[in-house]
Amino acid sequence: MATALIKSPSINPRYACFKLSIRTSRIHRRGVYAGERIPSGRKVIEYTGEKISRRETKRRGAGNITYLFTLDDYWTLDGAFGGSGAEIINHSCEPNLRAWTFRGHILYMSKRAIGLGEELTVDYRFSKDVGTVPCRCGAKTCRGTINLK
């Protein structure tokens, strides 16, 4: 399975509610950064991508780097195809965003005020039943894996 690397990732302003940029990240490869202060409790960006079935999710999930986000029991969004830029947001065990699934949309909401230039992060909350993925977030409360314990 070939990895679906996003060669030129960008933020789609149609889905972003604040100025955001993509830069090199200390967590993993690239990350998304606040281009302005973001207040607590606000929609920051919607996670978009190609809507794919469970069978296709399993096939595409075999790659080393994926941009898959489970929407519900049947559908997954693949941010490598039609992504808003939210697919570049990295994992942290102490995230500043939370994912909220609402009426078939995945919205990233700010958990607290986010400062200008701060990297946006979300807890990926991988199942403990899938292969263990080491975490590199550097948070004080890092659990050591992206997987839930």
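Trainee: In which strand is the place of histidine 91?

Mentor: In this predicted model, histidine 91 lies in strand S7, residues 90-91.

Trainee: Why is histidine 91 called buried?

Mentor: The relative accessible area of histidine 91 is 4%. Buried means under 20%, so histidine 91 is called buried.

Trainee: Which residues belong to the second, separate core?

Mentor: The largest nonpolar core has 25 residues, and Leu20, Ile45, Ile89, Tyr108 and Leu120 have the most contacts inside it. Strands S2 (30-34), S3 (43-47) and S9 (105-110) each give two or more residues to this core, and S3 gives the most, with three. The second, separate core has five residues, among them Cys135, Cys137, Ala139 and Ile146.

Trainee: What does tyrosine 108 touch?

Mentor: Beyond four places away in sequence, tyrosine 108 touches residues including Ile45, Phe69, Ile89, Ala99 and Val122. Tyrosine 108, in S9, is also the bridge partner of alanine 99.

Trainee: How do you know that strand S8 and S9 pair?

Mentor: Pairing requires at least two bridges. Strand S8 (residues 97-102) and S9 have six bridges in the antiparallel sense, so they pair. The two strands form a hairpin with two residues between them, and arginine 103 in the turn has a positive phi of about 50°.

Key: Residues are numbered from 1 along each chain as its sequence is written. This is a predicted model: local features need pLDDT of at least 70, side-chain atom pairs count only at pLDDT 80 or more; totals for chains, interfaces and linings use all residues. Side-chain values use heavy atoms; hydrogens and water are left out. A nonpolar core is a set of buried Ala, Val, Leu, Ile, Met, Phe, Trp, Tyr and Cys residues joined through side-chain atoms within 4.5 Å. Buried means under 20% relative accessible area, exposed over 50%, partly exposed in between (1.4 Å probe, protein chains only). Helices (H or I, at least four residues) and strands (E, at least two) are DSSP runs, numbered from the N terminus. Contact means heavy atoms within 4.5 Å.
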